[in-house]
Amino acid sequence: MKTLTLCLACVGLSLLTACQSTSKDLMTKNAEVNQQTQYFVEAKISLDKLKQDISQGRKEQLAYFAPSTFKKAVAEFDNATEVYMDIGKNGASSFNVFQSDTEQYLQAKQEIINYIALAHQKLKFSYSIKDTAESTLAETFKQQAFLSEIGAPKVFVKDYRKISARVDDLVEYIDEGQVSTAQEKQTKLLIDMQALEVRTVRYNYLGQLDSDIAYIKKKRLAKYVPISHKQLLAARSHANAIITATPRASAEIKVAVKLAEFELAHLYHIAKEVNALKKTKSKYYEQYLLAKEALIHTVGESLAIADVRDLAMNKQVAAIALQAGTIKSKLTTAKAAVLALQSDSNQSSAATESLRAEFKSQLVNLDAKYDALVIENSALNKQLQRKDIDLVRLQAYKEAVLQIESKHAVEKELAVQVQATKEAEQKVLALKAKAQQEALALAAKVKLEAQQAALALQAQAKKEAEKKALALQAQAAVQTVPVSQTAEPVKAIATKLEVETPAVKVEVVEAVVEKPEKEKNNN
């Protein structure tokens with residue numbers, strides 16, 4: 001009984017200790033979960049920042065200016081992402097399974113930070129290479145952009161491709177650290193690019209004109225209008241000289257080309273007139289001249305001059321020109337007067353100035369409001385970015401908590417099963433102890449009763465033996481028998497009564513308590 005009491009006391013103490021230990025373990029678990037979540041969120045924020053930097057690097061053509069270095073930066077980013085996905089998927093890192101979850105999270109975070117640091121170094125170096133290339137090949141890139149702007153890739157496809165390939169080679173030299181080689185080859189490349197520029201500008205401005213001149217040569221029109229043809233070629237040569245010397249002097253080039261186009265149109269019209277005159281018969285010469293004179297008279301009538309057809313044709317044209325000059329002079333004077341009136345009106349208009357000042361003030365106010373809205377928008381964008389970061393942290397924390405809750409649910413179920421097993425074993429032990437005690441008490445009782453029965457039987461047998469001996473002695477005394485015939489004295493033999501105490505066997509059958517159904521399924 002004392003032993004049982006002591007066992008129960010020990011069990012109670014163990015349960016109390018277990019409860020205290022479970023509470024402490026739970027607090028430790030929560031602290032570890034918070035720490036793990038913090039590591040996870042910090043790694044996620046760093047990875048997202050690096051992802052944005054990689055994307056920006058692609059937009060800024062780092063893959064073109066520093067392909068090998070930028071590729072290494074992307075590889076470091078991929079390594080960091082792989083570690084992050086590993087710990088996010090498994091709830092623990094695959095670095096060292098003998099470490100705790102928190103230690104693995106910390107190690108994974110540090111590994112991710114190391115990869116990110118390497119990636120940033122590579123990105124920084126890539127930007128440095130890009131800056132070197134842009135400063136060293138600034139003229140080349142500027143010339144290439146201008147060629148693209150004037151349409152060289154479409155006009156001279158193969159030549160432009162060769163130029164672009166040579167530019168790519170210079171960029172590759174700089175990426176490999178051969179800056180001096182790139183500078184040396186850039187000089188010849190710029191000469192060739194400028195030559196392609198001249199060819200492209202010439203094609204853009206004189207391409208159609210050259211085709212028309214080739215057509216004139218093919219049709220042998222110069223034979224009928226040699227003077228006009230020479231004037232056309234001279235105008236074309238002048239335009240070509242300007243293009244060759246200053247291909248970017250667009251204003252001068254346009255004037256020269258317009259003059260050449262004028263000479264081309266003049267040649268076509270003169271050629272038509274010559275052809276028409278060639279086909280005219282001599283008897284129709286007067287009619288031909290009268291038609292031309294009618295055209296001149298129409299111009300004179302529109303200028304309100306008298307009929308001058310009584311003069312020679314050249315004098316008719318001179319009279320018309322004189323009238324046109326007079327009208328032009330009057331128009332110039334009138335225009336100057338109008339401008340003067342406008343100037344005086346602008347200077348004397350106080351109302352206009354007042355309105356202008358008012359509008360200017362309103363414009364300043366609107367600009368101030370716009371600046372304030374821009375600042376407010378920037379602040380809102382910053383708040384939105386912070387909220388996005390908080391949302392990422394909460395999402396990561398939620399994922400971590402769900403993982404921990406899942407683990408805790410499994411651990412709780414296992415703890416319930418273990419507790420049920422312990423309670424079942426304790427019940428079995430209690431029943432077994434109780435059965436043993438009852439068996440011992442029953443055996444003692446049976447043994448005592450057997451001993452008492454045996455003593456009673458011995459006493460009764462002894463009494464009966466004594467009675468039989470007395471009876472035999474009395475019978476022998478009554479009979480008269482001679483001494484010689486007297487038999488031997490009767491010996492009273494006390495019958496020995498052997499009473500065997502029955503052996504009492506008590507078999508204690510151990511009670512079997514079935515385990516709960518969940519535990520059976522788990523086993």
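Is glutamine 144 buried or exposed? Select glutamine 144 and you will find that its relative accessibility is 16%, so the residue counts as buried (buried means under 20% relative accessible area, exposed over 50% and partly exposed in between, with a 1.4 Å probe and protein chains only).

Before moving on, a word on the model: it is predicted, local features need pLDDT of at least 70, side-chain atom pairs count only at pLDDT 80 or more, and totals for chains, interfaces and linings use all residues. Residues are numbered from 1 along each chain as its sequence is written, and side-chain values use heavy atoms, with hydrogens and water left out.

**Stop 1: helix H5**

Glutamine 144 belongs to helix H5 (helices are DSSP runs of H or I with at least four residues, numbered from the N terminus). Show its surroundings next: apart from residues up to four places away in sequence, glutamine 144 touches Tyr160, Ser164, Val167 and Met193 (contact means heavy atoms within 4.5 Å).

Stay in H5 and pick serine 148, which is found in that helix too. Serine 148 has a relative accessible area of 42% and is partly exposed. With neighbours within four places in sequence left aside, serine 148 is in contact with Pro153 and Tyr160.

**Stop 2: helix H7**

Now colour residues 157-175, which are helix H7. Its 19 residues reach 27 Å from first C-alpha to last, close to the 27 Å expected (1.5 Å times one less than the number of residues). Highlight the buried residues: Tyr160, Ile163, Ser164, Val167, Leu170, Val171, Ile174 and Asp175. Look down the axis of H7 and these buried residues fall within an arc of 145°, so they line one face of the helix (the arc is that of the directions from the helix axis to the C-beta atoms). Turn to the other side of H7 to see Lys158, Arg161 and Lys162, which are exposed. After H7 comes glycine 177, with a positive phi near 90°.

**Stop 3: threonine 136**

Go to threonine 136, in helix H4 (residues 101-136). Threonine 136 counts as buried because its relative accessibility is 14%. Its side chain reaches the backbone oxygen of threonine 132 at 2.7 Å. Neighbours within four places in sequence aside, threonine 136 is in contact with Ile174, Val179, Gln183 and Gln186.

**Stop 4: the rings**

How many aromatic pairs does a search of the whole structure find? The search finds three (rings of Phe, Tyr and Trp, the last by its six-membered ring, pair if their centres lie within 6.5 Å; planes under 30 degrees apart count as stacked, over 60 as edge-to-face and the rest as tilted). One of them joins tyrosine 64 and phenylalanine 65, edge-to-face at 5.1 Å centre to centre with 80° between the planes. Phenylalanine 65 also pairs with phenylalanine 141: the ring centres are 5.8 Å apart and the planes at 80°, so this pair is edge-to-face. Phenylalanine 65 lies in helix H2 (residues 62-65) and phenylalanine 141 in helix H5 (residues 138-149), so the pair ties together parts that are 76 residues apart in sequence. Both phenylalanine 65 and phenylalanine 141 are buried, while tyrosine 64 is partly exposed at 31%.

Finish with arginine 248, whose charged end sits over the ring of phenylalanine 146, 4.0 Å from its centre (NZ of Lys or CZ of Arg within 6 Å of the ring centre and within 35 degrees of the ring normal). Arginine 199 lies over the face of phenylalanine 156, at 4.4 Å from the ring centre.

Technical notes
Helices (H or I, at least four residues) and strands (E, at least two) are DSSP runs, numbered from the N terminus. A polar contact is a pair of N or O atoms within 3.5 Å; within protein, one must be able to donate a hydrogen and the other to accept it, and residues adjacent in sequence count only if both atoms are side-chain atoms.
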